[in-house]
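Here's a quick briefing for anyone opening this structure for the first time. Take a look at the model, then read on for the pocket, the cores and one of the helices.

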Amino acid sequence: MAKFRHLTTPFSLKGLSLKNRVVMPPMCQYQATDGLPNSWHFVHYVSRAVGGVGLVIVEMTNVAPNGRISPNCLGLWNDEQRDAFKRIVDEVHAQGGKIAIQIAHAGRKALGEKDVVSSSAIRYDGAVDAGNGLWAYQEPRVLDKDEIADIIQAFQHSVRRAVEAGFDAIEIHGAHGYLIHQFYSPKMNLRTDEYGQDKMLFGERLIQAAKAVMPAEMPLLVRISAQEYGENGFDVEYGCEVAKRFAAAGAEVIHVSGGGDGPLHPDHTPIFNAGYQVYLARAVKEATGLPTVAVGMLEDPAVADYVLSTGDADLVAIGRGLLRDPNWLLNAQFHQNASDGGDVQYVPGSYVGAFR
């Protein structure tokens, strides 16, 4: 295996200093009750910090009960939830890691919720097997302007609570067909008011509200779908315009993904090879000049290191690889004989060797 040149190099932005370029992206666990993180989340996130991940990003955490993907998703709409997160944050820090949280609202993709809302009254096409039968998506009701203002305020309150809990960075989820994406997508936003005439306005105002309650030294990440993969979806050029608008509003890192707008369509869907979405990260980085996080089947360490070497992205998100193996990075280092890495507990003979 080729020696890593980039995976284990530090990365810094504003007050955030990472010991390497590996990111654990947000991946829903569906283990919460009333939006509260519990022992499952504690073990899940802290174990990745023990495994050496540079930045752990907590799964999609929602600003309101009707913003959850499922009734078992996390929330940050009250102080009890904030305080439960603090225990996780403190232990990740104790293990030498850095941790961010993804703040979101599912919009029309909320399941098991009576009050489903969106930019327009367009039902998401699909159903989900929840283990006890299929859950169908509902047709959402259209948010009025006062409700939009309330949701922006809810995002701001959740971001403030995340800051109070001690997170090192905030990520706003504007990808994968969730509420922010439902506003900037031409095919999902059929409004005629100011939020329809300017489809990026909702995301812009929300980012500005988040920045207003964040410390100056704390970076804001924004995740976008830089290309839609469904029928009549927008292309990467439009996705770059979204990225530029959100960068101007205050985003400092763009976490670049794609899709989430509906069933895949061959005219808009890339071939699912290793690194299949890296071209999107490259395009967004060139358009905005901001650091980007690349994602998409990067669990081969050599591929991830190569992506960083090209400059197409500044950080790499390892999703399924880190779900399967909390010690993904430590094992990658061991197998390529660069270093055993990690703390003394994971380096055979290191304790004895210290006293020879």
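**The largest pocket**

Strand S8 (127-129) and helix H10 (320-324) each put at least two residues into the lining of the largest pocket. Keep in mind that this is a predicted model.

- The volume of the largest pocket comes to about 1,300 Å³.
- Its lining is made up of 45 residues, and Pro26, Met27, His176, Tyr178 and Arg320 are the ones that lie nearest the pocket's centre.
- Sort the lining residues by type and you get 25 nonpolar, 14 polar and six charged.

**The nonpolar cores**

- The largest nonpolar core takes in 86 residues, and Ile170, Ile172, Phe202 and Ile224 have the most contacts inside it.
- Helix H3 (residues 145-165) is the top contributor to this core, giving eight residues.
- There's also a second, separate core of 15 residues, with Phe11, Ala169, Val293 and Val295 among them.

**Helix H1**

- Helix H1 covers residues 39-50, so to speak a run of 12 residues.
- From its first C-alpha to its last, H1 reaches 16 Å, close to the 16 Å expected at 1.5 Å a residue.
- Which residues of H1 are buried? They are His41, Phe42, His44, Tyr45, Val46, Arg48 and Ala49.
- Covering those buried residues are elements including strand S3 (22-24), strand S4 (55-62), strand S5 (74-75), helix H2 (79-94) and H10.

Technical notes. Residues numbered from 1 in each chain as written. Predicted model: local features only at pLDDT ≥ 70, side-chain atom pairs only at ≥ 80, totals over all residues. Heavy atoms only, no water. Core = buried A, V, L, I, M, F, W, Y, C linked by side-chain atoms within 4.5 Å. Buried < 20%, exposed > 50% of the residue type's maximum accessible area, 1.4 Å probe, protein only. Helix = DSSP H or I, 4+ residues; strand = E, 2+ residues; numbered from the N terminus. 1 Å grid on protein atoms, 1.4 Å probe; cavity = no way out; pocket = protein on both sides within 12 Å on 5 of 7 lines; lining within 4 Å. Points joined across faces, edges and corners; volume = space filled by probe spheres on them. Nonpolar A, V, L, I, M, F, W, Y, C, P; charged D, E, K, R; others polar. Expected span 1.5 Å × (residues − 1). Contact = heavy atoms within 4.5 Å.
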